[in-house]
Amino acid sequence: RMDSEGVAECIGDLAERPELTDASARVFQRGIRSLMRTPFRLSDGTLSTVTVGSTGAGQYGPTDAEALLDLCRPVGVAIDRVRLLSTITSTSAVLDSKTRVLAALVPGATVESVGAVFVEEALRLLGAVHAVAVLFDGASSRIAGMASHLLAGERAPMFFAEGPDGAGWPKGMADVQAQVIPDLALAERSPAEDYMLAAGVRSVMRAPIVDSGGKVRGMVAAGALAAFAWDEGHLATFTELAQSLGLVFERTQLYEAAEERAAKVQSLTRLLSTLNLQSPPEEVARLFARRVREYLGADGVMVHSFDSAAGQRVRVAFDARAGQPQTPDRIPLQDSTGFPGTLEQPHSRFSAVEPQHGPAWLRDAATAMGYGSAVCVRLDAAGESIGMIAAASVDPAGMGEDELEILAAVAPPLGMVLERARAVTSLRLQTQRTQAVLDILAALGPAESTDLI
């Protein structure tokens, strides 16, 4: 027993004690007869002790105990200082690592380039022999970075699979914020974790990659050779580092998505520039609709023109997967819900997941054709509304904001190309009619009266 209030305890002869604690029994078995213990507290309230023992009985008295107590006070101060310096050093190291991870977000950065920085920082900061960062994309996963002295890179995907050979970690991350496994040898393991243990990994940590909205986008994992290499403090450090990675990954993915959209828009715009304007508008629109469907992964793309003079909505092009129903060839503008709908709202989106957020006319039209999501953009030229282009998918999540942005970006040049093609076609037909009249007049030859003609 020890007094925790700063009073030393002296035991003159352990052999005369009727009962010994486990610690006292062990030192007695090694020949210690007398001892004294002095408690002291650190600045954070942690209770510590100093014990001094002798093989001779009756070696210590109250004076010795007071001297030991006086000695413990500066020792406590020294320990506090060392712990403070250690905390400062550790905090500084974490901040340095976070800074390097954040600094990886440079123009042109990719998920892989950022992931490579993170895993190297994890090896250095935590003394790990294995570190990996992975992003979840539905049922699949994308290895963003991996550094390992033990594990083959081609085996990494199995650690994130949900099947019988995987570790099932993605599913676990939905419920567990972060986890440390002190010793794989003592834990219930999946086949993937058996592989890690066989490779020499004993301690494992994993933490989620969370975006700014709190959604789990992926996870990071690290492994060490020694069992019980990491505790909750190390896990907190690892989780903090993963948080900075989540921010960088989110920005990087936004850059990648923007670049991908820009590439698609440029490709579609270049396609428009290569189309022969001597071709009928229907041919131009049909080729373009096919390429749009390929780029967006849509199940159907349709282009309609608004013929105000004839009061008709005309199907200019329709490209869809086999079995998808077509829109009517022509219907009166007054019967078209899309005509007033696009006049009121140039860009529209519908998803069966959130049907209340889409306009009723687009929801009804998409649902009637068996689509679960759709995006629609009005086509304008020379300050007038000349038609609309729509893309649809049977998947309720198939057509989203990204697809609407791409469609909206290519709609203006498509509108101009269609209008130019229509004008060229109209001018050609007019020229053909005029030439036909002239040919008829020339064939008749000179005549002296209109009665003869």
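What follows is a short talk about reading aromatic pairs and a surface patch in a predicted model.

Colleague: How many aromatic pairs does a search of the whole structure find?

Modeller: That search turns up two. In general, you describe a pair of aromatic rings by the distance of the centres and the angle of the planes.

Colleague: Okay, why is the pair of F118 and F238 called tilted?

Modeller: The ring centres are 6.2 Å apart and the planes sit at 35°, so that pair is tilted. Planes under 30 degrees apart would count as stacked, and over 60 as edge-to-face. This pair links distant parts of the chain, with F118 in helix 3 (residues 111-126) and F238 in helix 6 (residues 232-274), 120 residues apart.

Colleague: Are those two buried or exposed?

Modeller: F118 is buried, at 0% relative accessibility, and F238 is buried at 0% too.

Colleague: And what are the distance and angle for F306 and F339?

Modeller: Their centres lie 4.9 Å apart with the planes at 75°, so we call the pair edge-to-face. F306 belongs to strand 9 (residues 300-307) and F339 to helix 8 (residues 338-344), 33 residues apart. Both F306 and F339 are buried.

Colleague: Now the surface: which residues form a nonpolar patch?

Modeller: L20, V27 and F28 do, with about 190 Å² of accessible area together. L20 sits in the loop between strand 1 (9-11) and helix 1 (22-29), and L20 is partly exposed, at 31% relative accessible area.

Key
Residues are numbered from 1 along each chain as its sequence is written. This is a predicted model: local features need pLDDT of at least 70, side-chain atom pairs count only at pLDDT 80 or more; totals for chains, interfaces and linings use all residues. Side-chain values use heavy atoms; hydrogens and water are left out. Patches are made of residues with over 30% relative accessible area and no salt bridge: like charges are joined within 9 Å, nonpolar side chains (Val, Leu, Ile, Met, Phe, Trp, Tyr) within 5 Å. Accessible areas come from the Shrake-Rupley method with a 1.4 Å probe; for residues, only the protein chains shown count as cover. A salt bridge is a side-chain nitrogen of Lys or Arg within 4 Å of a carboxyl oxygen of Asp or Glu. Helices (H or I, at least four residues) and strands (E, at least two) are DSSP runs, numbered from the N terminus. Buried means under 20% relative accessible area, exposed over 50%, partly exposed in between (1.4 Å probe, protein chains only). Rings of Phe, Tyr and Trp (its six-membered ring) pair if their centres lie within 6.5 Å; planes under 30 degrees apart count as stacked, over 60 as edge-to-face and the rest as tilted.
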